[in-house]
Structure formats: C-alpha cells, structure tokens
Amino acid sequence: GKFVIKMSEKKEKPITEIYLRSYPKIIFFWPLALVSLVMWLLQLIYPTPVAWLGNFWLTVFAINMFIVAFDFGSTKFFVLVLLIAVVIILVIFLVPDLFAGASGEPFNPGLTANFYLASSLIMAIILGLVVLGSRFDYWKIERNEIYHKAGIFSSAERLPTKSLRIKKEIPDVFEFFILRAGSITLMPGHGDVINLPTVLNINKKQNQIDYLLSHVSIEPDELDA
C-alpha cells in the first residue's frame with residue numbers, strides 16, 4: 001500500500017500589535033561600519049597602507065555622508081544617477097590621470113589597520129546604543145489603542161485607534177534601498193499628529209497596520225455572521 005503523509009499547514013499568527021520605532025539618521029552609517037571592519041581585516045595582511053583599500057573606504061564614507069545629508073525623492077534620484085554617469089564618462093575620457101599622484105601612481109590616503117579598527121569600533125558602539133535606545137522609545141499600535149513608551153521609567157501615553165489614519169512616505173530613495181526606511185504619520189484624530197520620520201521596513205509596517213485596522217472594521221460583521 002501507499003503511505004500518504006499529509007503536512008498540516010502552518011497557521012499564521014494573527015497580528016494583534018505592531019511596534020513602530022523611529023531611528024536617528026546615524027543608523028544609515030551601518031555600511032561604513034561594515035566596510036571599516038572588512039578593510040581592517042584586509043589591511044592586516046599588508047605591512048603598509050594599501051591605496052585601493054583607503055580609496056574604497058573614502059568612497060563609501062563620501063556616499064554615506066551624502067545619503068544622510070540630503071533627501072532624494074524618485075525624481076531627484078534618477079537625475080542624480082544620470083549626472084553621476086555623465087561625470088564618470090567625462091573623467092575617464094578627459095582627465096584619466098585625475099586621481100594619480102605626482103609619480104603617476106594611484107592616490108594613497110595612508111589609512112592604517114588601526115584607523116579601520118578604531119572607526120569600526122566607534123561606529124559599532126554608537127549604532128549599538130541607538131538600537132538599545134529604540135527598545136525603550138516606541139509606539140505600539142493595538143486593536144483599540146495606540147501606546148507610546150518613552151524611556152525606561154517614564155509614564156506611557158495612550159490614544160484610541162477608533163478614527164486612526166496613516167500616511168506613508170518614502171522621502172529618500174537611498175535610505176529605502178539601505179534599510180527599507182521611510183516615514184509614517186499617524187493621525188488618531190482630535191488634532192493629534194504623530195510623525196515618525198525614520199521607520200525601518202516601511203512597507204511591511206504599513207501592511208501590518210492596514211491588516212490590523214481592516215480586521216477591526218470587519219470584526220463585527222464576522223460576529224453577526
């Protein structure tokens with residue numbers, strides 16, 4: 001005879017609460033922290049500073065600073081990409097020795113292994129404190145209320161979700177690429193507006209909120225049925 005093994009489908013746990021945390025812009029420096037760690041490991045192999053390692057670190061540093069300093073919407077993003085492409089083409093064909101030193105060799109910033117190690121440790125500590133701080137400062141959306149916790153010993157604020165409206169925005173394409181980050185504005189009514197400018201996994205959070213609010217609205221119909 002044949003044995004048929006029927007796999008039971010795993011039921012998804014219904015969403016009953018959603019945590020929203022807004023992070024400071026420093027969170028977007030995690031690529032530079034990771035690159036610093038990798039550059040440190042690679043520089044340990046060589047007795048003297050390697051030019052391409054230092055130039056790569058400086059490039060990532062400049063890009064990270066650029067992302068944090070400015071907001072680029074979708075239109076500005078494509079204009080920027082086009083501008084960068086034109087500049088690269090002009091540099092390659094018109095100024096081929098722009099980044100060469102007096103001897104004709106590539107520019108060497110002289111970054112040592114200790115520099116890479118110190119940079120990675122400083123950024124790791126700061127990013128760790130940012131993530132730890134977000135555990136004690138957050139908004140929690142439940143079926144009937146919005147709960148705000150700020151600090152370890154501070155009192156909590158509660159608002160009803162009866163007329164809650166949300167607005168999602170992605171003001172910076174680069175920040176969305178790096179951490180899927182965007183802005184969420186909560187409007188629970190009565191003049192209250194809660195702006196969370198840097199929420200990670202923005203699309204997932206919005207889908208969860210939409211599910212929770214729609215679940216609340218259709219729940220009476222389900223009970224009547």
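Author: Thr185 lies in strand β6, which covers residues 182-189. The model is predicted.

Reader: Why is Thr185 called buried?

Author: Its relative accessible area is 11%. Buried means under 20%. So Thr185, at 11%, counts as buried.

Reader: What makes the link between the side chains of Thr185 and Asn195 a polar contact?

Author: Its length is 3.3 Å. The cut-off for a pair of N or O atoms is 3.5 Å. The side chains of Thr185 and Asn195 are therefore joined by a polar contact.

Reader: Which residues is Thr185 in contact with, leaving aside neighbours within four places in sequence?

Author: Arg165, Ile166, Lys167, Val193, Ile194 and Asn195. Contact here means heavy atoms within 4.5 Å.

Reader: How do you know that β6 and β7 pair?

Author: Count the bridges. There are five between β6 and β7, in the antiparallel sense. Pairing takes at least two bridges, so β6 and β7 qualify. In one of the bridges, Gly182 has Val199 of β7 as its partner.

Reader: What is the order of strands in that sheet?

Author: It runs β5-β6-β7, an open sheet of three strands with antiparallel pairing. The twist averages 15° from one strand to the next.

Reader: What makes β5 and β7 edge strands?

Author: Each pairs on one side only. β5 spans 165-169 and β7 spans 192-199.

Reader: What holds paired strands to each other?

Author: Strands of a sheet pair through backbone hydrogen bonds, either parallel or antiparallel.

Reader: Which strands form the open sheet of four?

Author: Their order is β1-β2-β3-β4, and the pairing is antiparallel. The edge strands are β1 (17-20) and β4 (157-160), each pairing on one side only. Neighbouring strands of this sheet are turned by 20° against each other on average, direction ignored.

Reader: How do you know that β2 and β3 pair?

Author: Strand β2 holds residues 137-142, and strand β3 holds residues 145-150. Five bridges join them in the antiparallel sense. The requirement is at least two, so β2 and β3 count as paired. Ile141 stands opposite Ile146 in β3.

Reader: And what makes β1 and β2 a pair?

Author: Four bridges, again antiparallel. With at least two required, β1 and β2 therefore pair. Tyr19 stands opposite Lys140 in β2.

Reader: Which residues make up the covered face of β1, and which the uncovered one?

Author: Ile18 and Leu20 form the covered face. Glu17 and Tyr19 form the uncovered one.

Methods. Residues numbered from 1 in each chain as written. Predicted model: local features only at pLDDT ≥ 70, side-chain atom pairs only at ≥ 80, totals over all residues. Heavy atoms only, no water. Buried < 20%, exposed > 50% of the residue type's maximum accessible area, 1.4 Å probe, protein only. Polar contact = N/O pair within 3.5 Å; in protein donor to acceptor, adjacent residues only side chain to side chain. Axes fitted to C-alpha atoms, helices over the stretch in contact; angles between N-to-C directions.
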